[in-house]
Amino acid sequence: MLLEVSSLTRRFGGLTALSDVSFNIAAGDILGIFGPNGSGKTTLLNVISGTFPPTAGTIRWKGNGIEGHKPHHIAAAGIVKTFQNPQLFLDLSVQENVAIASHLRLKRELGSRRFAELLPWRGAARYPDISARIDHVLVLCRLDDVRDQLAASLSYGQEKMLGVAMAMMCEPELLLLDEPASGLGEDEIRNLEEVLQDLRAAATTLCIIDHKVDFLGRVADRAIALQQGIKIAEGTPDEVLRHPRVIEAYLGRQHARA
Amino acid sequence: MKVLRWLPWVALAVLPLVLHSNFILTIFIFSFILGMAAVSFNLVFGFTGQLSMFHAAAFGIGAYVTYLAVSRWHVSFWIALLPTIAITVAISIVVGVICFKFKLKAFYFAVVTMAFSELARLIVLNWNSVTNGTLGLMVLDKPVVWIPGAGSLKIDGTTAWYYFSFIGLMMTVAVCAIVLRSWIGRCFAAIRLNEDLAQTLGIDIFRYKLLSFMIANILAALAGSVYAFYIGYIEPSYLSIAQSLDIIAMVLLGGRSSIIGPIVGAFVLTGLPHVIELSAELRVILYGLILILTILLMPNGIVGTLVSRRRAT
Amino acid sequence: MMQLLIGQVLNGIIVGTLYGVIALGVTLTFGITGIVNFALGEFMMIGAYFTWYLVDFGGLPFAVALLPAVAGTAACGFLTDQLLFRFTRNNLVNGLLVSIGLISVVEAGALLLWSATPKEMSYVLTGSLQLGGISLPRMKLLVFGLLAAVILCTYAALSRTWMGRAAYAFAQNPEAAMLMGVKTARLQTGVVVYSTALAGFGGSLYASLYTLEPAMGGLYILKGVEAAILGGIGSPLGSLVGGLILGVTEAVGSIYLPSAFRDAYGLIFVVAILLYRPSGLFGADK
Amino acid sequence: MTRMLVWICAIAFAVTPSFAQDVVKIGQIEAQTGPNAIYGYMSSQGMPIAVDQINKAGGFKVGDKTYKLELISPDTRGDPKEASIQLKKMLETDGVKFVFGPFLSNVFVTVEPYAKQFNGKFLMMGGATRIHEFLDTPDHEFLMRTWNWDAGPKGFGNLMVDRLIKDTGAKKVAILIQNDQGGKVIADIYLPMFKAKGVETQLEFFEPGTKDFSAVLAKLAAGKPDILFPGYTDAALYDIVRQATEGNYFRRFFLVRGSLGPGLKNKDQIDDYFVYVPKYFEQAEKTDPKIAKFVADYKAFYKRDFPYDQAPLCSSSCYDHVFMLVEAMKKAGSVTDVTKIRKELLAMTYDGLWKISYDEHGEEIINFDVVHMTKGGKIAVTSIEAR
């Protein structure tokens, strides 16, 4: 198992956002997490990615516990997450955004050799393979034609893709996507799905939370459903979607909305 | 283009050969030295986005430590810079770790660093046996440099100091430029622009904030020691909040988005009072107005407004 | 010795309210407009000089002079808000810098008008109350009463009235508040003006206790900010308590320790509190 | 390189007089604004009046030439950096040979090494306490101190302490003084002085800008001293005296700087209030026509009321000294030969608002008054002939 989450609990003062949630992710999986708003999906990702520590429970990554570690440690370990409403370096260009995201890779590849950059007589450092990687990711995320625009000037869909692109630059083994499809148009979603397929092809494990049922149904091969911080179902997307509690708790609302 | 960038430096380098007014050259010297402080401050403020109020303290500590080392251990100015750096690093780590471990942001960070610099000032002010308290210390000896051909030369007199401080400024700028163009600079930018994102991208914001704070303080401390040895007198007011505010004003006026911006700010704010013939009060009022108008009308400062606002990271 | 201690605790409390009222201004301004108005100290100075002028030259009794003095200060506050702070909303650094620029303008203006020589207003209330060997100046007690009352009233108003709740809501979550129909611009201006009025009021009372100098504002704004942080930004009650703690720490501190370090004792306290409770004593946890 | 520069300057100076026609430039470096401005502000008040009067009277005649005065008085804001730039401008660009001020010791100490290079080329007449320690040292013939000194047999401080002991029999004195250069120096002077005369002392410093002294006053009072010796700017004195009396910590005061104002304001709570006053204007105005004229001139010149309590500070590097300098120039028959002019200054005794002369070290000796106020504001003025 790549990631083993067991009986994870998180409380904020009075309210319990997560209670006793357990699940595993195997390498190469695409795990979908369903759940209405406020069901604790985002909290779950934040706890895994180290934004804040769990109140109880353990998270084992490749067999060793990482619960309560600092976000950058976890990122360095290979778990990277994207934000629900994209976080970007707004006054930098798309390319610069992705370039900054190459921090981890640079560190991994060069290690202490980075310090050579500090030698005054060395010109500004160039890393061909990294810039190649940047181009690759930009193409992959359909951002190559806006690479020189300011991040602030992107459309919402592009912002989301840029978020994904930056996460990809970190070359995570496990990529946590927080509602990647929300607020996206149909073709943007299709585009996103292709990107996700490419990622899987690159042997990246994915964990996607969303409430776009059909979307998750298409991409995920395993799924769990949360309600008020409790895991109420697990299995293939179809199983989960057919699960009575899920229908009652979740689809009901969806239909009501539609 | 490249030529144009170097032009001002060349012009400054030849200035004393054509201009023989000690008065004007002195303004330049002060601008250079304060420029060093401002440029280094901008590393932590403009490039890492942390409003540190500890800068004057670092400046003053540098001045005191260097002089005390020179006068007590009878070492040369250059040797004395080593303890200066060491002590500045130590203090920066203490203050920085406290501030950043507890995730003090923006306003809180400013206030706590201000508190620490105020404490530093009070200690310097009342530690009579060492700092001679409010009476301050007179710095009578000058640094000696060895110039090929000319042999060892005592830095004394306006022209000598002009070049000494000018080189000091260039050094400071060079250090900042190198740091900023490296991956460290990218991390600073990431922290400035979006801390949460920076973290999820695997950047250790604690480490890089501390690094930025430390480098800035070291450079400021060095500026302080140069200042002390030029002006020949050290007093506790070096560490005053007013001093920090002056530096901040320089950075904002010149522009926080570029390395050389603060230098321009330093020049304007140092030279202005001597250019404009006004009654004392009116001049202070003008100073205030300039500060206000810059911030309201050209938030990117003089340089930032001239140069296009995009910055390579 | 005990008596000395008690006396100074009381004195610290009295002095603390003066910090508290500035702290309140700082807290409100920061909560609503997202900037720290360092010029509040200057408004205190303006209020003080207005009062002094009205009393010593206008010949008004102090009680009467208070009103126009505070009103005048508030007017200045309104002016600066419309001319300057309106453009620095929610921009901490710019707001800070603008207020610093404003400080030098106002201070120099005061020098032009009233010169650097210290002014002392004719005494309003002299003599002091004697209780058990501790003598408390009458005027100080009066000042304490007034300031404490004003701060508590502000607190009550904020927690009871609609305007107050709107302000609270806004401080918590601007967007939501705006959706709820809070008139942002008006609210912000209102708060800025009110906080300057508070500073002016503090200044008027200050004038009845101490000598006036154009440079007096600087000291008090620093104390005010410290107190505000100590009590927790955004909490009116906190600002009062913060002020009191600061006052007492300084007073007691300078009995047992060298008084030259007086200003340090408060600072150390502030840092300690911040590390123990980053949001201050009364601040809402985030 | 330095030497070369000095030569350049020297030549420049040798040249200037020949074309500096009938204007004598005098400079003044004082803090006119800023927290430490009180002394500088006051001393920058008298100069313009004097200059104005001399020029209005058609200038002054030296040899066969008539000269007018030009006053250059920038504001140092108490910032040594500013001051050193301004002094350079005065000495090198404007070719000023007579600089009044500074009053602030930190400013003086900063410009001293530079000014030293121009020894013999100009005169610096300042009131700064720390000028005292440089008088009569090598390369400091340019220095003169325009304020009388506390210590030493002729020192007014000495005379006053004797008086204090004689009148009150004080055994223990509490000193509460500002933690800045002036304060430190005063403490250094008076602690041994009291000790020598067998008087116990308690010492506390306070941060400049302090407004509430209750705590430290209470602390001092706990030591049961006979009298409080507070220093030294009126800004602090008004508060100290008021709070000391209201909190009934002290009812007897002894001042060697500052004015009578604070005492009068609280006269009913005070038993003894000794104050050193270079001149007690309120009284002198009635008796001495010169003083009356000065007060009138001041009001006319600035169109504002006369600051009686601050006026004594005018004695330092201002009004009288301009006239005194002019006198010296006439006597020396030169407006450029600073050595000669200095000699004349040292030799003469000028009888203006103050009776001013210098001792052999170039430190001012003035007649001064000791005002002893007792309960209800009864005032006894003793004029002391310093020479």
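Domain bounds here come from an automatic or database domain assignment. For chain D, that assignment gives domain 1 (2-149 + 287-366) and domain 2 (156-281 + 369-384). Before going further, keep in mind that this is a predicted model, in which local features need pLDDT of at least 70, side-chain atom pairs count only at pLDDT 80 or more, and totals for chains, interfaces and linings use all residues. Residues are numbered from 1 along each chain as its sequence is written, while chains are lettered from A and ligands numbered from 1 in the order in which they are written.

Let's stay with chain D and its two domains. Their centres, taken over C-alpha atoms, sit 31 Å apart. Where they touch, domain 1 of chain D puts in 17 residues and domain 2 of chain D puts in 16; two residues count as in contact if their C-beta atoms, placed from the backbone, lie within 7 Å. The side belonging to domain 1 of chain D splits into 9 nonpolar, 6 polar and 2 charged residues. In this scheme Ala, Val, Leu, Ile, Met, Phe, Trp, Tyr, Cys and Pro are nonpolar, Asp, Glu, Lys and Arg are charged, and the others, Gly among them, are polar.

A compact globule with 258 residues would have a radius of gyration near 18 Å, and the 19 Å of chain A agrees with that. The C-alpha trace of chain A spans about 65 × 40 × 35 Å along its principal axes.

Now for the chain contacts. Chain D meets chain C through 29 residues of chain D and 28 residues of chain C. On chain D, helix H2 (37-56), strand S8 (200-206), helix H7 (214-221) and helix H8 (234-246) each supply at least two residues. By class, that side of chain D has 13 nonpolar, 7 polar and 9 charged residues.

Chain C also touches chain B, with 30 residues from chain C and 28 from chain B. Helices H4 (92-114), H9 (216-231) and H11 (262-276) of chain C each give two or more residues to this side, and H4(C) gives the most, with 14. The side of chain C that faces chain B has 25 nonpolar, 4 polar and 1 charged residues.

Helix H5 (residues 106-126) of chain B packs with H11(C) at an angle of about 145°, with the axes 10 Å apart. Contributors include B:Leu119 and B:Leu122 from H5(B), and C:Leu267 and C:Val270 from H11(C). The contact of these two helices has 10 nonpolar, no polar and 2 charged residues.

Note on methods. Rg over C-alpha atoms; globule rule 2.2 N^0.38 Å. Helix = DSSP H or I, 4+ residues; strand = E, 2+ residues; numbered from the N terminus. Axes fitted to C-alpha atoms, helices over the stretch in contact; angles between N-to-C directions.
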